[in-house]
Amino acid sequence: MSTFTRGSTSTSTGSTSDGKNGTMNGTTDGTLNATTTEANRRPRLSGMTWLVWRQHRAAFWTILAASALSVALMVYQRGQMMDFLDGYGHPAKGLVEAGNDFQQYIDAFSIVSTGLGMIPVLLGVFLGAPLLAGDLEDGTAKLVAAQSMSRTRWLATKLALAGLVVVVSTGVLSAVFGWWWSPVKSEATVMDWISGEAFNNTGPVPVALTLLSVFGGVAIGVVLRRTLMAMVVTFGFTVAVQLVWSYSIVALGNAVTVTTNKGVTGDSVSPSLPHGAYEIDQSYITGSGDLVGWGTCVESETDAARQVCLDKADVVGWSVEYIPMSQMNGMQWFGASILFALTAGVVAFLFFWGRKRLV
């Protein structure tokens, strides 16, 4: 009786154990299969893309991490600024009356905009110049050329990944900086919209400037084939691009001219301009429509003598040439399209050169 009972218990226990094991095995196998399937579905880099990312991952991650930290800083600064503006009563009250109370926020804009303005130079020198020059100098290019992968695909992958990192980082920084600046955009005391601090760090301009600097550095590296030399030359190239661009900003706009014809002395003052307008030039206008410099008759010792001089010159009013702030967005896209076209030309040169000499 007891033997039968023990056997039954043993059999029953064994059945129960087998059932549990079967359930556990089934659950484990199902979980593993689901996990494996999910892992297989995750996007993974492979082939040439994986190789290029791994080769330059330190530079790519550094750029993305620095961008994330910069975004966090700007978000914090905007929060602090908005608290001040809400308590101050802006925009009902102009910031001119705030005096030194708002100076710390102006200083923050200046510091951050200076840092953002250095990005095209830094990425051109430290990302663009070594991107291919390093491979050409240490012989990696010859190793890649000996594989089944074509040079064109290798070059395209290099440029695509570098360009993607540049576009993502500069695009996000541009958007966040513009968002930070937008509440005080109309205040010239903070930043003049046509200055490099504002114009070059918002909209599509920083993306276009950085892409041209980086791909220009790549082209310089391909031609020189020496990393250090390419970095030095790229530094000069990117600085030159920045200077030329800064002097070309005004030329991107369509100047508007406004005139008066009631004299220039006494209560007759120069015409009022739209809020935020950038004044290009100011001069006198004569009865015949000719323009004379605003310094005309400035050497007259008395107001009466000056009036006689102005009457002799037939000066009847002012002529002021300016660019309204409303043109900023259009000017940025027009300028960026020029920079993108130049970048496309550099990329075309890289592919043309790379077909024969990228080894």
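Ser174 is found in helix H6, where helices (H or I, at least four residues) and strands (E, at least two) are DSSP runs numbered from the N terminus. With a relative accessible area of 6%, Ser174 is buried; buried stands for under 20% relative accessible area, exposed for over 50%, and partly exposed for what lies in between (1.4 Å probe, protein chains only). Leaving aside neighbours within four places in sequence, Ser174 is in contact (heavy atoms within 4.5 Å) with Asn201, Thr202, Gly203 and Pro206.

This is a predicted model, in which local features need pLDDT of at least 70 and side-chain atom pairs count only at pLDDT 80 or more, while totals for chains, interfaces and linings use all residues. Residues are numbered from 1 along each chain as its sequence is written, and side-chain values use heavy atoms, with hydrogens and water left out.

**The chain as a whole**

- The protein chain has eleven helices and four strands.
- It has 359 residues, of which 37% count as buried.
- Among contacts in the protein chain with a separation of 6 or more, 82% are between residues 24 or more positions apart.
- The accessible surface of the protein chain is about 19900 Å², and carbon and sulfur atoms hold 60% of that area; accessible areas come from the Shrake-Rupley method with a 1.4 Å probe, and for residues only the protein chains shown count as cover.

**Aromatic pairs**

- A pair of aromatic rings is described by the distance of the centres and the angle of the planes.
- Rings of Phe, Tyr and Trp (its six-membered ring) pair if their centres lie within 6.5 Å; planes under 30 degrees apart count as stacked, over 60 as edge-to-face and the rest as tilted.
- The count by this rule is eleven aromatic pairs.
- Phe177 and Trp180 form an edge-to-face pair, because their ring centres are 5.7 Å apart and their planes stand at 90 degrees.
- Both Phe177 and Trp180 lie in helix H6 (residues 151-181), three residues apart, which is about one turn of the helix.
- Phe177 is buried at a relative accessible area of 0%, and Trp180 is buried at 1%.
- Phe199 and Trp245 make a tilted pair, because their ring centres are 6.5 Å apart and their planes are at 40 degrees.
- Phe199 belongs to helix H7 (residues 196-199) and Trp245 to helix H9, so this pair ties together parts that are 46 residues apart in sequence.
- Phe199 counts as buried at 0% relative accessibility, and Trp245 is buried with a relative accessible area of 7%.
- Phe84, Tyr88, Phe102 and Tyr105 are linked into a cluster by ring pairs.
- The charged end of Lys93 sits over the ring of Tyr88, 4.4 Å from the ring centre; the rule for this asks for NZ of Lys or CZ of Arg within 6 Å of the ring centre and within 35 degrees of the ring normal.

**Buried positions and their partners**

- Ser67 is placed in helix H2 (residues 47-88) and is buried, with a relative accessible area of 11%.
- The C-alpha atoms of Ser67 and Ser169 are 5.9 Å apart in space, while the two residues are 102 residues apart in sequence.
- Apart from neighbours within four places in sequence, Ser67 is in contact with Ser169 and Leu173.
- Trp154, found in helix H6, counts as buried at 2% relative accessibility.
- Trp154 and Leu51 are 103 residues apart along the chain, and their C-alpha atoms are separated by 9.7 Å.
- Val222 has its place in helix H8 (residues 205-224) and is buried at a relative accessible area of 1%.
- Between Val222 and Leu136, which are 86 residues apart along the chain, the C-alpha separation is 7.6 Å.
- Gln327 is in the loop between strand S4 (315-323) and helix H11 (328-357) and counts as buried at 18% relative accessibility.
- Not counting residues up to four places away in sequence, Gln327 touches Gly253, Asn254 and Val256.

**A nonpolar surface patch**

- Leu228, Met229, Val232 and Val233 form a nonpolar patch on the surface, with about 400 Å² of accessible area together.
- Patches are made of residues with over 30% relative accessible area and no salt bridge, joining like charges within 9 Å and nonpolar side chains (Val, Leu, Ile, Met, Phe, Trp, Tyr) within 5 Å; a salt bridge is a side-chain nitrogen of Lys or Arg within 4 Å of a carboxyl oxygen of Asp or Glu.
- Met229 lies in helix H9 (residues 227-248) and counts as partly exposed at 46% relative accessibility.
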